[in-house]
Amino acid sequence: SGSWDPPYRVVLLGDPGVGKTSLANLFAGLQDRDLLEQHGEAAYKRTLSVDGEETTLLVMDTWQPEQPGEESRRRSQCLQVGNAYVIVYSITDRGSFESASELRIQLRRARQAEDIPIILVGNKTDLVRCREVSVEEGRACAVVFDCKFIETSAALQHNVAELFEGVVRQIRLRRGGK
Ligand code: GDP
């Protein structure tokens with residue numbers, strides 16, 4: 001159904017430590033700080049101009065590791081509320097790459113009939129010597145899981161603007177009408 005009400009909610013998923021908060025902060029601070037709004041815990045609203053058209057994104061960084069014994073309502077909520085998803089792993093942490101695949105599967109299960117934009121992100125490309133996941137593996141994974149792929153470095157601010165512009169383009173592709 002291509003009739004969501006903007007702002008589009010973009011949820012960041014991924015293991016702890018992969019760089020979700022760093023990416024969200026860069027998104028929030030890229031230009032006008034005035035446009036930044038806090039929504040509860042960690043959500044940042046910004047209007048991006050992409051291909052000559054403005055789109056408002058609400059980027060949500062509220063994904064939390066599963067606590068033993070706790071019903072993970074927060075986690076399942078995250079899988080329900082997004083209009084688009086950014087699944088982040090660290091290229092220096094193979095475990096986080098495997099988690100990313102699991103998240104993709106959980107997401108598909110939670111939102112079966114929907115065609116939601118998903119971007120797989122390999123972060124920390126600046127840590128060249130610690131790389132455990134190759135670009136080719138990342139790209140192949142994205143093909144298997146039918147999502148977009150980009151590698152970023154939050155530390156060097158490399159490809160971060162491109163990531164969120166890509167999210168906007170993916171949302172527009174599915175928006176229909178308008
Ligand atoms: P989160 O738990 O997924 O939100 O991850 P954070 O954004 O809190 O980042 C975890 C740690 O990794 C912090 O010490 C960050 O400074 C660091 N970090 C995040 N992105 C990068 C990156 O692209 N390169 C490097 N070298 N460190 C990063």
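**Two loop residues and a helix**

N159 sits in the loop between β6 (148-151) and α5 (160-175), where helices (H or I, at least four residues) and strands (E, at least two) are DSSP runs numbered from the N terminus. The model is predicted, so local features need pLDDT of at least 70 and side-chain atom pairs count only at pLDDT 80 or more, while totals for chains, interfaces and linings use all residues. Residues are numbered from 1 along each chain as its sequence is written.

Most residues other than glycine have a negative phi. N159, not a glycine, has a positive phi of about 65°. N159 has 19 C-beta neighbours inside 10 Å and therefore counts as partly exposed; with C-beta atoms placed from the backbone, 20 or more others within 10 Å make a residue buried, 12 or fewer exposed, and anything in between partly exposed.

K124 also has a positive phi, near 75°, and lies in the loop between β5 and α4 (135-144). K124 is buried, because 25 other C-beta atoms lie within 10 Å.

Helix α3 (residues 94-110) has 17 residues, which should span 24 Å at 1.5 Å a residue; the end C-alpha atoms are 25 Å apart, in agreement. The expected span is 1.5 Å times one less than the number of residues. Buried in α3 are S96, F97, S99, A100, L103, R104 and L107. They lie on the same side of α3 because they cover an arc of only 155° around the axis, taken from the directions from the helix axis to the C-beta atoms.

These buried residues pack against β1 (8-13), α2 (73-81), β4 (84-90) and β5 (118-123), contact meaning C-beta atoms, placed from the backbone, within 7 Å. The face of α3 turned away from the buried side carries the exposed residues G95, E102, I105 and R109.

How values were computed: Two residues are in contact if their C-beta atoms, placed from the backbone, lie within 7 Å.
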